[in-house]
Number of protein chains: 2
Amino acid sequence: MTSLNRQFHLVSRPKGEATAANFQLLEAPVPSLAAGQVLVRHHFLSLDPYMRGRMDDARSYAPPQPLNQVIIGGTAGEVVESRHPSFATGDLVVDMGGWQQFSIVEGGAKGALRKVDTTHFPLPAYLGAVGMPGVTAWHGLTKICQPKPGDTIAMSAASGAVGSVVGQLAKARGYCALGFAGGADKCRYVTDELGFDACIDYKARGDSKSLYQALAAVTPNGIDGHFENVGGPILDAALARINDFGRIAVCGMISGYNGEPIPMTHPALILRSRLRIEGFLVSEHMESWPDALTELGGMAATGRLKYRESIAFGLEAAPEAFLGLLKGRNFGKQLVKLV
Amino acid sequence: MTSLNRQFHLVSRPKGEATAANFQLLEAPVPSLAAGQVLVRHHFLSLDPYMRGRMDDARSYAPPQPLNQVIIGGTAGEVVESRHPSFATGDLVVDMGGWQQFSIVEGGAKGALRKVDTTHFPLPAYLGAVGMPGVTAWHGLTKICQPKPGDTIAMSAASGAVGSVVGQLAKARGYCALGFAGGADKCRYVTDELGFDACIDYKARGDSKSLYQALAAVTPNGIDGHFENVGGPILDAALARINDFGRIAVCGMISGYNGEPIPMTHPALILRSRLRIEGFLVSEHMESWPDALTELGGMAATGRLKYRESIAFGLEAAPEAFLGLLKGRNFGKQLVKLV
């Protein structure tokens, strides 16, 4: 069958901003399967902000992406050949197949390959609202922000794959949801389509003081929890507006990925407001996945969890789509359609 | 009996640094007691960094100190007259008597007046290692830093009333303790007298990078918890050195009390190292007081909890002693002896 597999390698590390020159498209033969292995043809590749952190050689929560190897990434596709009894040709599956057309997976490795059901929603949802980004939202909201009745929860990147789920979960549970997003279109989507109580266009506001004023205008009682996907001035504004004993889940610091740290302007607020701030990585909280996927799958199947995708076509489009994601050019979950 | 009570009022709020001009010494008559009241003659007044925060009018965790009223503060003394059956003349007591020679307390108000026993250690210990600062140390270490076997715990202001107890508790429980203090004398005290594993003289180091290098040199396995009494470059250095899943108790941000915020240089570390940072105020955790006082009292009574005091003499010395405390001129718990 297929003998060539197109794939992207990381061939250099960014100095400052990542560029297309850091990536190289190569072709490699698809090896034949050993006993217990499964060959997956990817239909969709997921692009996520965490990938930027792995491009650096610095200490991070994950080992750096090795140079001259296929870039790691989540994928959804179909089994095209199987030498493992649990998987058959035609099965729809999710795996960490990387930036390539095909992957070979050990069928028996725990969590490596998961069969999914597209009766109620389509395959790419398993890379977004009912996948890693959705579980990230669920964990940060449920386990770290821990809202109480009457609470207001704020979040940055509110139209994105994670933020959109944070806010919809908050609304479904009866809390107020307040988003930050970049541009009037995204803000309109967040309020009109996703049902948030309000959304602030951070691109129309210059600094944390202006962001704070906009936030104060729509949160007369302050905020009680904050889900941070970005960092920088939005985090400063949220810290200034958060009520005593507020909880902040730190999921992303996309603004700092280019090397220069963005300071937190007023850390004394941590003491003044007796805050709890916690950074987390959803892959280290596997205990949250079953409950999260049950709730998110149920909401998605009944139309109560909306999501939006930015789809790039063809593997060769992956680097540009990824660089655009880092600049907020996507609208919703960024995917690459490979088939 | 006594008819005049000397007391300090806050008469203006600081613009930038607090100065002696913010305080005014006045005399007021001691009113006669109503039924249920107790008259306490203060032997010691406690001076604590939190008082600086209350001098401002800005939102803080406590209401601002009202102008033209006696400044709030912890005191230890003796009952000189009682119209409450639970207290008798000569009882030694601790109360929040303020910056004055005498206070009148409702004997039946919960927690307002507490009889203490000086069999095993002297009265002023109840304002330090076996009082509010000690319980602060106990709560932050036990409930927020939550050390595990083999952990290393760092703390700023290690020779101070709070930090010295954090480190001694850590050592008593079998952890490594690493302190920051200002000057060679304080560092020698922290290691030689209090038994910390190491102490870094922050005054001999210019910036957070140099502090980080000194910290790295004495913590080959990094640090696992940090107790922050100061903020600024020490906090930056600790965040850079803390291991994954580290816990940071934020108890003081003394460097920022003059109005200008000191930024946290690299908040992305919260995500990179999946940290939990929590600000707290010990008066909001009354559940910790009984266990803390039992443990601290037991250690102090058997000589396993050492403490040191800087004592100013006479109420009129209180403002200068307080301003010196804010600059780290004290060595150990800062008290004013009034009798």
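Predicted model: local features only at pLDDT ≥ 70, side-chain atom pairs only at ≥ 80, totals over all residues.
Q: How are α2(B) and α8(B) oriented to each other?
A: Helix α2 of chain B covers residues 132-145 and helix α8 of chain B covers residues 289-301, and their axes lie 9 Å apart. The angle at which these two helices pack is about 110°. Angles of 65 to 115 degrees count as roughly perpendicular, and α2(B) and α8(B) are therefore roughly perpendicular.

Q: Which elements give two or more residues to the side of chain B that touches chain A?
A: The contact draws 26 residues from chain B and 26 residues from chain A. On the side of chain B, these residues divide into 14 nonpolar, seven polar and five charged. The elements of chain B that contribute two or more residues to this side are α7 (268-272) and β13 (276-279).

Q: Which residue of β13(B) does Glu278(A) stand opposite?
A: Strand β13 of chain A, residues 276-279, is joined to β13(B) by three bridges, and the two strands run antiparallel. Within β13(B), the residue that stands opposite Glu278(A) is Arg276(B).

Q: By what kind of axis are the two copies related?
A: Chain B can be laid on chain A by a turn of 180° with a shift of 0.0 Å along the axis, which gives an RMSD of 0.0 Å. The two copies are thus related as by a two-fold rotation axis.

Q: How many of the 10 residues of α3(A) are buried?
A: Helix α3 of chain A, residues 163-172, is mostly covered, and its buried residues pack against α2 (132-145), β8 (152-155), β9 (176-181), α4 (184-193) and β11 (223-228) of chain A. The buried residues are Gly163(A), Ser164(A), Val165(A), Val166(A), Gly167(A), Gln168(A), Leu169(A) and Ala170(A). Of the 10 residues in α3(A), the number that are buried is eight.

Key. Residues numbered from 1 in each chain as written. Chains lettered and ligands numbered in written order. Axes fitted to C-alpha atoms, helices over the stretch in contact; angles between N-to-C directions. Helix = DSSP H or I, 4+ residues; strand = E, 2+ residues; numbered from the N terminus. Parallel < 35°, antiparallel > 145°, perpendicular 65-115°, else oblique. Contact = placed C-beta atoms within 7 Å. Nonpolar A, V, L, I, M, F, W, Y, C, P; charged D, E, K, R; others polar. Pairing = 2+ DSSP bridges. Least-squares fit on C-alpha atoms with pLDDT ≥ 70 in both. Buried ≥ 20, exposed ≤ 12 C-beta atoms within 10 Å, placed from the backbone.
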